Structure formats: C-alpha cells, structure tokens
Amino acid sequence: MKPFLVTAVVAVTAGSITTGGMRSGPACWPQWGGPNRNFVTAAADLATTWPAAGPRRIWQRPLGDGFSSIVTDGETLYTLYRDASDDVAVALDAKTGGTRWSAKYAAPFIETCSEQLGPAPRAAPLVAGDRLITVSSGGLMNSFERRTGARQWTRDLLENVPDALRACGYSSSPLAYKNTIITTAGGKGHGVVAIDAATGTIAWRSQDFQNGYSSPIVIDLDGRPELIVFTFGEIAGLNPDTGALEWSRPHVSDQGVNVATPIWGDDHLLFISSAYGGGSRVLRLARKGDAVAVDEVWANQRVRVHFGNAVRLGSRIYASNGDMGSAPFAAVDVMTGEMLWRDRSVTRATLVGTGTRLILLDEDGNLVLATPGESGLDVHGKTQLLAERAWTAPTLCGTILYVRDRHQIMAVDLGQ
C-alpha cells in the first residue's frame, strides 16, 4: 500500500474576492445536497440579471480528475480528486482557492462500468463537526481532522462483502447522525452501516440490500427520525439508531441503477426516481404508533431522473428528465406525477433551488439562473462557465457559487 501523505500549504491567492456574500458556519453546505440534503437553500440576494460576460469570476484553479462535489463550512472548501490509483482529499481557502492542506492516500478501484463515465471519486465528502469524512469508489471511508488533514481512522465499508462493490463503484455520500456516520454498503447483513464517528468502529449494520448508487437521507417523520435508503431494488425506511427495518417498497430498474437522492416534503410525500425502466413514484408516509403506513400516491415511467439531482419548490419537482439520450429540463406536479412542461433550452443539468429561483449547471458547463414558471423557465442569465464535462452538482454559500468540471474548480459571485 502506498504511504499516506498530508501536505499543508500556505494559501496562495488565486484571484481577488470581497467578503460580501460569504456566509460562515457549518450550516453553509456541509454535506451532499446542502444544509438540508435536498439542494434547497433559503433565498439568497442574487442578481436579477447578468452582464454579457456572465457573473463575476472570483477565482479559478486546476484540480485533479473526479466528480466529487464540494462541501464547505463557509471558510474552507473540501472535495476529492484522483491521482493515478490514489484519492486526494483537499481543503481550499474559500476566498482565494489556495490550498490549505491535501491528503493523498491509496484508494484501489478499477472502473469496469464505462469509460464514458469519467474518473472516480464520485461521493461527496462530509463535514461532521471537526471531522471530514470521505468515501472512495472502492468503499474505503476515511476520517480526517478537517483543519489539518491529519487522518484519524480508516474503515473498509465492504469488509467481508467484497462482491457488494458495483461495477460503477461506490458513489453514496455519507450522512452524520448523532455520533455516527451512516451510509449504504451492500451485502448480507451489511446493506446499511453506521460508523462511530470518533473511532471508525461499527455502531450497527443491518439488512441484506444490494447497494445502489443513491445517498441516504434522514427525515422527521411525525416527530421521530427516519432513515431513508434507496438501494438496488427498493426504497426503505429504517430506525437510524439501530438499523431496524420499518418499511420497504420495491423500485426496480435495469441493473439496479438507482442514483438520484430521494426528496422529502413537509406534506409527508417522498419522491424517488431513476432511469433504465425505474421511473418515478411518490409515497405518502405516516407514523402510526411504532409502525409506518406507506401509501403509493402515483407511479409512472414518464418521469426519469438519471444520475443528477432533483429539486422540489412548492408542489413541483424540477429535474432533467431522461436516460442516456436527450434529457430536457422538466417540471412535475408532485401530487399527480403530471409532466407540467419541458424546457429544451436547458439540457442535462444539476441544480440548486434558492427562494423561488433555480441555479442550473448543464453537463456542457453552461450556468443558468432562472425562475420556473407556468410553461417553462424564465431565464435571467446564461453563460458558458466550464469547458469540460460538468456532472458535479453546484454548491451555494450565501451568493457565492462553487463549481467544478473534470480539471477545474471555480468560484463565482451571483450577488447583486
């Protein structure tokens, strides 16, 4: 095994920035999907229009291969990239893009899914108190002291179940719950695991689920927490303290390619979606004593979220809709599953919702600011921002947006 290497670097200015629009604190974007794990933030003071050249670029710098998204405590950015057979966790100064520390470590993984997918790693890191948690495509979870990059512990999520690793690797982004880190793993008795955050030991493991590619969420279900996992062939709810199964419903797609993160609403509606024959469905959940009642509100094949994310604003779900071919941007009524409109001005994209507006980054690197309307998108600004394949979901902190493609990372100011 190659040695573990931490490099601390004095931050070098990669551009100028004012502090306006920055928001400090761990609630900024500490995990996959942002503060609430649903890619929605409170309304930011965004500009209503952009100049011809687009929003102001604050800084831009090279970064290694990978599609891991960016998390931040408001002062430091964290993400992952690939260097030959190693992963590199990197901490960047949010204001300048300068490197604060980087940690390079062996992370064996051989891509057998498709060369078109591009490089690993794909899971987002997690800010959990003073720790940074990372997961490699081969299933290795690491904990780092997030201010220095010192590695604290390593856990092989696929220990004793190596066959659970999927062809496209591990892409599930972990979540913090109490004193544990929870994620899916896969295999008999190992479908979902909770890791003690302080020691890296197993707190609990349960279920026989084969792993999908989706990331778990914890919801408030009638006053009690519920862990939602979207796996190879089902959507299920577990007790996050013990891993005990509380309910499960099948959701079958070709080869179990269930990727998009489920979306939970205050109206007790849970939206899940996948491509490859999976389609979409909405389940209504309600806790009745110690049991959970699950009713299917609708299911159809017209709505198919492939490997990006969806956002719910009000009673509508917004997402790029389609499989490997065309994926026009669409609005879906969450109550009925009706496709309200498709807008082909935006192709396959990841997105963030803020207030009533959407920030979209399509796979060709075009950034779009828009308000969804009754018949399509009211586009306020559109600009070519990145040059290479941009499959990494954007990160918003105040009015500052952080984006990356396969070889570049950038900060732009979307403020007034």
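These legends describe close-up views of a predicted model.

View 1. The structure holds one disulfide. Cys28 sits in the loop between β1 (5-8) and β2 (40-41). Cys397 belongs to strand β32 (residues 395-397). The pair links distant parts of the chain, 369 residues apart. Cys28 is buried, and Cys397 is buried as well. A disulfide is a covalent bond between the sulfur atoms of two cysteines.

**View 2. An open sheet has four strands in the order β16-β17-β18-β19.** The pairing in this sheet is antiparallel. β16 (217-221) and β19 (245-250) stand at the edges. Each has a single partner strand, so one side of each is left without a neighbour in the sheet. Direction ignored, neighbouring strands of this sheet are turned by 25 degrees against each other on average. Strands of a sheet pair through backbone hydrogen bonds, either parallel or antiparallel.

**View 3. β16 pairs with strand β17 (residues 224-230).** Ile217 stands opposite Ile228, a residue of β17.

**View 4. The rings of Tyr78 and Trp101 form a tilted pair.** The count of aromatic pairs in the model comes to 11. In the pair shown, the ring centres of Tyr78 and Trp101 are 6.3 Å apart. Their planes meet at 45 degrees, so the pair is tilted. A stacked pair would need planes under 30 degrees apart, and an edge-to-face pair over 60. Tyr78 lies in strand β5 and Trp101 in strand β7, so the pair ties together parts that are 23 residues apart in sequence. Tyr78 has 1% relative accessibility and counts as buried. Trp101 also counts as buried, at 1% relative accessibility.

**View 5. Ring pairs link four residues into a cluster: Tyr78, Trp101, Tyr105 and Phe144.** Tyr78 and Trp101 are the tilted pair of the previous view. Tyr105 and Phe144 join them in the cluster through ring pairs.

**View 6. The side chain of Thr99 makes a polar contact with that of Arg61.** Thr99 is placed in strand β7 (residues 99-106). The contact between the side chains of Thr99 and Arg61 spans 2.8 Å. Thr99 has a relative accessibility of 14%. That value puts Thr99 among the buried residues, because the cut-off is under 20%.

**View 7. Arg312 is buried in strand β24 (residues 311-313).** The relative accessible area of Arg312 is 16%. The side chains of Arg312 and Asp267 are joined by a polar contact of 2.6 Å. A polar atom of the Arg312 side chain also lies 2.7 Å from the backbone oxygen of Gly314. Neighbours within four places in sequence are left aside in the contacts that follow. Arg312 is in contact with Val40, Ile263, Gly265, Asp267, Leu269, Ile317 and Val334.

**View 8. Ser85 is partly exposed in a loop.** The loop runs between β5 (76-83) and β6 (86-93). Ser85 has a relative accessible area of 34%. Lys288 is 203 residues from Ser85 along the chain. The C-alpha atoms of Ser85 and Lys288 are separated by 49 Å.

Terms used: Residues numbered from 1 in each chain as written. Predicted model: local features only at pLDDT ≥ 70, side-chain atom pairs only at ≥ 80, totals over all residues. Heavy atoms only, no water. Helix = DSSP H or I, 4+ residues; strand = E, 2+ residues; numbered from the N terminus. Buried < 20%, exposed > 50% of the residue type's maximum accessible area, 1.4 Å probe, protein only. Polar contact = N/O pair within 3.5 Å; in protein donor to acceptor, adjacent residues only side chain to side chain. Pairing = 2+ DSSP bridges. Axes fitted to C-alpha atoms, helices over the stretch in contact; angles between N-to-C directions. Disulfide = S-S within 2.5 Å. Contact = heavy atoms within 4.5 Å. Phe/Tyr/Trp six-rings, centres within 6.5 Å; stacked < 30°, edge-to-face > 60°.
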